[in-house]
Amino acid sequence: MVLLVLSTLPRAPYGAAASTSSPTPLSIHPRPRRHPLAVARCSARLTPPPTAAATGREAAASWAGKLAGAVPWKAAVSSALALTLSFSCFVGLANAKAGVNKPELLPKEFTTVIDVAGFLSSGQENRLRQEIEDLEKDTGYKLRVLAQNYPDTPGLAIKDFWQVDDRTIVFVADPTFGNIINFNIGSLIDLDIPQSFWSRVAGKYGNMFYWKEKGEDASIEGAVMAISRCLREPTGASNCSEVF
């Protein structure tokens, strides 16, 4: 008679080598928790441009790339917009392949409104320039408007052309990826204006239904007037709480 003796050993985990040592209790490891994805805001609101410590090409890439940080799905065009506005749904500006820098598309003389896309009539451009000039005189804030259709854009060249600083708002109007409104907000403005304001402006005037029905020019004019009213309000807990 043959006596067959069977012993029960713990099974090694799938994919691991079997252990030759004495059996030990299996430990239970908690499954790693998934971190929720960051929610992008509706306006492409950006952090300010890099400091003087950044140089040359690295400085340009850093400043442009920050616009895409608030809107991940716009990263493909962020270099060309060069802003961020960075800057909910531009910043918006670090192109996934190559940044756009076309100074030849800039006007010969300084202007606060550049329309390379042809969205605005000459009369509309003049009205916006006058509004922006009055706003700068009254508040010290500098608003700059670039209307474009990517990749037809001056891109990174606008930073030096407009001498963008901590008191500058760069408003890029580009319908390429749905919402036409993108912002790059200077750090000093960020201290006075609620961050949610920029999202509300983009949500009201930048959504595709609005500009397709009323036109790109109506979106641009509406956003500029909303910004002008906001910046003229006294700084406080409830300033810029409405977008008209």
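Modeller: Contact here means heavy atoms within 4.5 Å. This is a predicted model, where local features need pLDDT of at least 70, side-chain atom pairs count only at pLDDT 80 or more, and totals for chains, interfaces and linings use all residues. Residues are numbered from 1 along each chain as its sequence is written, and side-chain values use heavy atoms, with hydrogens and water left out.

Colleague: Which residues does Val243 touch, not counting residues up to four places away in sequence?

Modeller: Val243 sits in the segment after α8 (216-232); helices (H or I, at least four residues) are DSSP runs, numbered from the N terminus. Leaving out residues up to four places away in sequence, Val243 touches Phe197, Arg200, Val201, Lys204, Tyr205 and Ala226.

Colleague: Is Val243 buried or exposed?

Modeller: Buried means under 20% relative accessible area, exposed over 50%, and partly exposed in between (1.4 Å probe, protein chains only). Val243 has a relative accessible area of 14%, so Val243 is buried.

Colleague: Which cysteines form a disulfide?

Modeller: A disulfide is a pair of cysteine sulfur atoms within 2.5 Å, and the structure holds one. Its sulfur atoms are 1.8 Å apart, and the pair is Cys230 and Cys240.

Colleague: Where do Cys230 and Cys240 lie?

Modeller: The pair links distant parts of the chain, 10 residues apart. Cys230 is buried at 2% relative accessible area, and Cys240 is buried too, at 0%. As for location, Cys230 is in helix α8 and Cys240 in the segment after α8.

How values were computed: Helices (H or I, at least four residues) and strands (E, at least two) are DSSP runs, numbered from the N terminus.
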